[in-house]
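Please read the report below alongside the sequence and the structure.

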There are 2 protein chains.
Amino acid sequence: MQAFIDAVRNAIGDKAVVTDRQDIEPWLTDWRGRYRGEAPAMLSPANRQEVQSIVALAAEHGVPLVPQGGNTSMVGGATPPEEGSAVILSLRRMNRLPSISAEDNLAVAEAGMILSDLHDAAAAAGRRFPLTLGSRGSCTVGGLAATNAGGTQVLRFGTMRELVAGVEAVLADGSVHDGLAALKKDNRGYDLNQLLIGSEGTIGVITAVALRLVPAVAVRAVGWAGVADPQAALRLLRFFEQRTDAVEGFELIAGDSLALVLNHIPGTRAPLTGSHRWHVLIEATAADAASDPAQMLQDVLGQAMEAGMVEDATISANEAQAEAFWRIRDSISEAERAEGPTTAHDISVPIAAMPDFIVESSRTVEQAFPGAVASAFGHLGDGNVHFHVRAGSRVGPDWMAAEAPAVTRLVHDLVVAAGGSISAEHGIGQMKRDELERLAAPGDLAAMRAIKRALDPRGIFNPGKLVD
Amino acid sequence: MQAFIDAVRNAIGDKAVVTDRQDIEPWLTDWRGRYRGEAPAMLSPANRQEVQSIVALAAEHGVPLVPQGGNTSMVGGATPPEEGSAVILSLRRMNRLPSISAEDNLAVAEAGMILSDLHDAAAAAGRRFPLTLGSRGSCTVGGLAATNAGGTQVLRFGTMRELVAGVEAVLADGSVHDGLAALKKDNRGYDLNQLLIGSEGTIGVITAVALRLVPAVAVRAVGWAGVADPQAALRLLRFFEQRTDAVEGFELIAGDSLALVLNHIPGTRAPLTGSHRWHVLIEATAADAASDPAQMLQDVLGQAMEAGMVEDATISANEAQAEAFWRIRDSISEAERAEGPTTAHDISVPIAAMPDFIVESSRTVEQAFPGAVASAFGHLGDGNVHFHVRAGSRVGPDWMAAEAPAVTRLVHDLVVAAGGSISAEHGIGQMKRDELERLAAPGDLAAMRAIKRALDPRGIFNPGKLVD
């Protein structure tokens, strides 16, 4: 290990090698504080060539690297192993924007660029990078690509897989895969860009990405509707889809979740006066200032109310109110934590199956664990909800350790039975590795392990994650 | 080999095993007649389970399989090896449509379903499958997915990679990868769906695909414009993109190509009265019968003419005229062949670089081979053109054998220098295998070979294609 660190120092200089304990400390723990690792050094290359040198030396010395962007993984995906056998490879110094073109609707960003900086750069160019999520002030575009991140605006523009036009990465032999030309059509064999997206740093280190931009938003409006059940919410989504393509967000919120937010989060108010079992937040945007998404929302929600699929609805009167509606949605997890221990599941099932899944799985879980409370919220339009289970009246000091794992296994079993995914957005990392092994199709698991061995034969990339 | 054929017969019956020479004969030659192989048998399974049995037996007996759909590969991708060491695995009997949902905008089709049958089924459901190409009456959806096919409508809805929502495939160990749930968000490790798309049958046999549908076209209009050069054509494309998202086709045609069509193809007429060095065909559609794409084309082309980027333009007055415009575009290759020997290149470069590439590379090729004529046409909006070089005055009986390979190497060198792809649409197959080896980045080539070995360790899938 020390020989490797010395070799890196010799090859690319002191600036790229951090060994001061105090400087490494913040990056040893995942941001939720659930995983803690050890690492004798953190390497911070300034450019792709330095990444190549580091990877070549890592292969030579047999020292594994843990690629890290903003360290915002929800599954411990960027935390080094506990025994200190690996070093952190931080991409944060590589945060330049080599090119941005409004005409081509493309930007090329180095892996370490922070998402909110990219948002700003796109806005300055009169465009928008549509993907956004809670950690936008910390997460990096390289990490977003490596984990195929999603977020709240996936409905219209997709996840990173749809938004990444090309990937540059350093492979295990120190060579470079350069996909930054962002060719719209390219059939030269296996698509290495797509294979690297979502690979969680296990088969290559993403050093830069070409990203698609979309027209800037000129106007937006947010609607809030009360509905009887998730089935009505899906009917409402289909109703919108038949009438407009301006809907960018369609979030389902249980009445129970709303009540928790109103109880625990200061300054929040119920958007509707009456009581409803389920709620939907709908965001519509337009790139053209002459469009009126608020009027569109009002018209379509009015028709939906006449058709009996909506109980009541309101439209944000101004940007402050739009923000207030989103704040409710974004505060659900915090409100749940204030209420008591909660185990979270980031799952997807086919969209058409989602309403029944929510209703039936909640019932199954609450029957299996009487007193526990199941609650689903999130991106109905993507077939992806956060399925949370609170300890409820079963609360005890060790609920998370003693019972939550069994709850999680039950939820995952129900997801698999419905043809769904046990990780819709957050990836596998170290948190879901065992569950992936338990539940993945054996042939898929074997294929993934064969790919890992083929592309990282010395095991130098992100040890202990995904299928390693 | 005989033991393998007998074992397949025992396992799944006589109906799936074709050994009659006359029945196999049509499938031994690619549809352009450039590659000819041999095979002692053609296996025609009726369902996925039979494919699994065949793959397991092939692995056991070490007999390679050549997956084949409609046998419409442009690169010899579905033609068996010459020495008769492999058998054809025809997917054509598997042509059912297990499900189609207008509400979900999804269809699940078996691999052997013919594209035009899918078009009909989607239309009957009130939807559209937007990808189309010349061989639509023969090609199969499995082959389209395995080759990431494109076609003339890629501008708006993308290639198969964007349109395939999920893949079912039999892997080399006989196991099944089942991605047909078509989850919009799924981050359970490496994306095997995306890896299989475009893999040309070399790492698994695609047995079914989930496909996205889009709204049916209610009205369409086709415009034709004369422009000074490819730069003006790209400016016109950007001009449209800023004003509408209704453009589905944007095809560039050289004046020289138009002249050949008018000379050689009976019944064709020039859309414009004057003479222009370059032409553009623009197709716009609307799902809503109240929309008027013809009026939109007229308005935008009028503004473009005022802005000086268009010399003259016309709009199809009716469907027959729209067809006539497309017939010109679709007849270019035939007209070129009537004129004399032509070597074709299916290439892409970054869209912004395409106009200069066309102009400069044509000049370079014509200087290197005085008397030859270079001509580009095709999908400008995708950065993908067919770059054809005719023998011209250099014609001799052996031009295709003697000089065309050198022309092709020069064109490919120019493409690589421009950051482009030597196969935008057609794949690698056996035709471009050597050029891929010559021109691919060494690290990419090594990674692809490692993937091939990892996922097909016994070499039973499509021998001699891609990186094999």
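## Salt bridges within chain A

A:Asp14 is exposed, with a relative accessible area of 53%, where buried means under 20% relative accessible area, exposed over 50% and partly exposed in between (1.4 Å probe, protein chains only). A:Asp14 forms a salt bridge with A:Arg9, the closest N and O atoms lying 3.6 Å apart, and A:Arg9 is partly exposed at a relative accessible area of 27%. A salt bridge here is a side-chain nitrogen of Lys or Arg within 4 Å of a carboxyl oxygen of Asp or Glu.

This is a predicted model, in which local features need pLDDT of at least 70 and side-chain atom pairs count only at pLDDT 80 or more, while totals for chains, interfaces and linings use all residues. Residues are numbered from 1 along each chain as its sequence is written, chains are lettered from A and ligands numbered from 1 in the order in which they are written, and side-chain values use heavy atoms, with hydrogens and water left out.

A further salt bridge joins A:Arg329 and A:Glu251, with the closest N and O atoms 2.5 Å apart. This pair links distant parts of the chain, since A:Arg329 belongs to helix α12 (residues 319-330) and A:Glu251 to strand β13 (residues 247-254) of chain A, 78 residues apart; helices (H or I, at least four residues) and strands (E, at least two) are DSSP runs, numbered from the N terminus. Both A:Arg329 and A:Glu251 are buried.

## Two sites in chain B

B:Arg390 forms a salt bridge with B:Asp256, the closest N and O atoms being 3.2 Å apart. B:Arg390 lies in strand β19 (residues 384-390) and B:Asp256 in helix α10 (residues 255-264) of chain B, so the pair ties together parts that are 134 residues apart in sequence. B:Arg390 is buried, with 7% relative accessible area, whereas B:Asp256 is partly exposed at 32%.

B:Glu435, in helix α17 (residues 433-439) of chain B, is buried at a relative accessible area of 11%. Leaving aside neighbours within four places in sequence, B:Glu435 is in contact (heavy atoms within 4.5 Å) with B:Thr408, B:Arg409, B:His412, B:Ile422 and B:Ala440.

## Domains 2 and 3 of chain A

The domain assignment, whose bounds come from an automatic or database source, gives chain A domain 1 (1-90), domain 2 (99-215), domain 3 (218-335) and domain 4 (340-426). Seven residues of domain 2 of chain A are in contact with twelve residues of domain 3 of chain A. Between them these domains bury about 730 Å², 47% of it on carbon and sulfur atoms; buried area is the accessible area (1.4 Å probe) that two parts lose on being put together, summed over both. A:Thr152, A:Leu155 and A:Arg156 supply 68% of the area that domain 2 of chain A buries against domain 3 of chain A, more than any other three residues.

The interface of these two domains holds two salt bridges. A:Arg156 also forms a salt bridge with A:Glu248, at 3.4 Å between the closest N and O atoms.

## The interface of chains A and B

The contact takes 66 residues from chain B and 66 residues from chain A, and the area buried between the chains is about 5100 Å², of which carbon and sulfur atoms give 57%. In chain B, B:Lys185, B:Asn187 and B:Tyr190 lose the most area to chain A, together 21% of what that side buries.

Ten salt bridges are found across this interface, and the side chains of A:Lys185 and B:Asp382 meet in a salt bridge of 3.4 Å, N to O. On the side of chain B that touches chain A, α18(B) gives the most, with nine residues.
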